[in-house]
Amino acid sequence: MSPHAAHVRILMADTDGGDGGMGGEGERQRGRTAVIARPKPVTKERSKEEVENEPSWRVLLHNDDVHTFDYVTMAITNVVKTITRKKAHRITVQCHSMGTATVTTTWKQMAKTYCLKLQKYGLTSSIAPDGGGGGGGGNGGDN
């Protein structure tokens, strides 16, 4: 038996709380550090697949007849960074004329975040599952 194997055996005996029948030998080995391998973390690929398979949600803006077009346009561009001022203005006009407009389409958690940020600007907004039925202002990626 190699000296290293004996050393491991002594450490294992110490971790059991006793001296493993080794007499004073176990007493001398206390305080040593054992290295334990950690399990590998789950790869990010799995979570990416889960996000890709999630259904899309629409962020809806509701007309309120209180805020100016410029204010609503500014709020949209500040909240959804991918939307240009021109696109935000089109969304605002549609919201004013139709009553509601889709600001963007994204995964549910991001849709909630956008909705809450728009509400912090005093705007009335909500989220809804994306049925793919058209209408609305389109998604934020279009210019």
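Is aspartate 65 buried or exposed, and at what relative accessibility? Let me begin with where we stand: this is a predicted model, in which local features need pLDDT of at least 70, side-chain atom pairs count only at pLDDT 80 or more, and totals for chains, interfaces and linings use all residues. Residues are numbered from 1 along each chain as its sequence is written, and side-chain values use heavy atoms, with hydrogens and water left out.

Aspartate 65 counts as exposed because its relative accessibility is 62%, where exposed means over 50% relative accessible area, buried under 20%, and partly exposed in between, with a 1.4 Å probe and protein chains only. Aspartate 65 sits in the loop that joins strand S1 (57-62) to helix H4 (69-79), and its phi is positive, near 55 degrees, in a residue other than glycine.

Turning to the chain, we have six helices and three strands, taken as DSSP runs numbered from the N terminus, with helices being H or I of at least four residues and strands E of at least two. From the N terminus, their order is α-α-α-β-α-α-β-α-β. Of the 143 residues, 26% count as buried, and the chain exposes about 9800 Å², of which carbon and sulfur atoms supply 54%, by the Shrake-Rupley method with a 1.4 Å probe, where for residues only the protein chains shown count as cover.

Finally, the cysteines: cysteine 95 is buried because its relative accessible area is 4%, and cysteine 115 counts as buried at 9% relative accessibility. A search of the whole structure finds zero disulfides, a disulfide being a pair of cysteine sulfur atoms within 2.5 Å.
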